Amino acid sequence: MNEMEYVDLRSDTVTKPTPEMREAMAEAAVGDDVFGDDPTVIELQELAANMIGKESSLFVPSGTMGNLIAIMVHCSRGEEAIIGDKSHIYLNEAGGMSALGGVYPHPVPNQKDGTLRLGDIRGAIQPDDQHRTITRLISIENTQNACGGIPLSVEYTRQVGSLAKENGLKFHIDGARIFNAAAALDVDVKELTDPADSVMFCLSKGLASPVGSMLAGTREFIARAHRLRKMLGGGMRQVGVLAAAGLISLEKMAGRLKQDHARAKNLYEGLKQIGGLRIEAGPSSNMVYFKLAEHIRMAEDEVISEMKKRGVLVDWSAPREFRLVTHYWVDDTGVEKAVQAFRDVLA
Ligand code: TLP
């Protein structure tokens with residue numbers, strides 16, 4: 001089967017560049033971005049900073065590097081960051097914050113709604129005591145991936161921001177999918193980013209760029225981030241070819257994410273009718289999580305390969321649990337095809 005015929009629901013990271021992006025990439029004006037010479041990167045960084053409501057921004061190769069740089073700017077070695085126990089930073093970034101940054105993670109439980117309880121955050125802040133590490137940072141994730149792609153509200157974000165300020169802490173948002181959060185909540189993304197000192201968001205997920213994330217904050221923060229990007233090997237040269245796609249992500253893709261959310265709802269409605277699944281809450285952005293019902297004897301890998309035979313790529317997220325993600329390349333027909341394939345496979 002030709003790869004283009006697959007309905008790929010494994011993640012929104014699988015999004016290939018749109019034809020318009022490929023054209024813009026081919027024609028992009030470029031320069032050496034390590035010299036600060038690439039006009040397309042400069043344009044992207046200005047637009048991103050404007051849209052996200054921060055003084056400045058930096059193009060980085062990945063969300064993982066963006067989060068790591070933010071943590072390393074905010075915290076010195078041996079200091080501590082309060083993060084969710086289901087956050088991507090804690091679970092899925094290969095421990096980079098401690099391995100490379102020397103920063104100690106202080107995990108607090110993510111609640112079902114994706115939040116960290118304010119009381120838990122407060123309780124995690126270390127007292128001024130020579131035996132303790134120094135708390136420097138609070139980080140939250142929006143949308144909160146492992147809690148169902150759930151958006152965290154403006155009100156909650158403000159509360160975390162105030163708590164950080166009251167305690168002299170920095171506040172970072174892993175906003176890999178912050179534009180999905182803004183679309184789901186129907187708010188300007190700036191409302192969600194305003195209380196934070198730094199925000200990372202990805203161009204390469206629902207915004208459909210092939211590569212790249214943005215890190216945003218004050219001019220001073222970005223100047224320090226710039227040096228760390230270089231240290232980590234993330235200084236890129238004629239990277240305007242990627243920034244050109246990023247510009248289209250911001251100009252055209254950020255405004256269409258509600259379509260992906262509507263398709264995730266349709267997918268959920270279709271899957272709910274199938275006996276072999278245990279599916280709880282409906283999706284609030286572009287992710288549908290479900291578990292295999294007890295009577296299904298198939299292993300995750302078998303489900304994956306049977307689905308693939310029917311032209312649908314899926315992935316498991318935990319034992320007996322699957323996560324399906326809608327994005328630009330999944331249309332209504334793709335949703336129907338996926339529901340039908342699950343019906344056949346789990347019959
Ligand atoms: N998430 C990927 C996988 O790594 C799990 C996915 O398919 O969802 N923050 C959040 C909230 C993320 O979900 C991801 C990627 C990242 C950061 C890292 O971004 P990249 O992959 O660009 O390093």
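This is a predicted model: local features need pLDDT of at least 70, side-chain atom pairs count only at pLDDT 80 or more; totals for chains, interfaces and linings use all residues.
Colleague: How many salt bridges does the structure hold?

Modeller: There are 18 salt bridges in the structure.

Colleague: What makes the contact of D12 and R177 a salt bridge?

Modeller: The side chains meet at 2.8 Å, N to O. The cut-off is within 4 Å, from a side-chain nitrogen of Lys or Arg to a carboxyl oxygen of Asp or Glu, so the pair counts.

Colleague: Where in the chain do D12 and R177 lie?

Modeller: D12 is in the loop between β1 (7-8) and α1 (19-27), and R177 is in the loop between β6 (170-174) and α8 (178-185). The two are 165 residues apart, and the pair links distant parts of the chain.

Colleague: Why is D12 called buried?

Modeller: Its relative accessibility is 0%. Buried means under 20%, so D12 counts as buried. R177, at 5%, counts as buried for this reason too.

Colleague: How do you know that D332 forms a salt bridge with R263?

Modeller: The closest N and O atoms of D332 and R263 are 2.8 Å apart, and the cut-off is within 4 Å, so the pair qualifies. D332 lies in helix α14 (residues 332-346) and R263 in helix α12 (residues 257-272), so the pair ties together parts 69 residues apart in sequence.

Colleague: Are D332 and R263 buried, or partly exposed?

Modeller: D332 has a relative accessible area of 40%, between the 20% and 50% cut-offs, so D332 is partly exposed. R263 is at 15%, under 20%, and therefore counts as buried.

Conventions
Residues are numbered from 1 along each chain as its sequence is written. Side-chain values use heavy atoms; hydrogens and water are left out. Helices (H or I, at least four residues) and strands (E, at least two) are DSSP runs, numbered from the N terminus. Buried means under 20% relative accessible area, exposed over 50%, partly exposed in between (1.4 Å probe, protein chains only).
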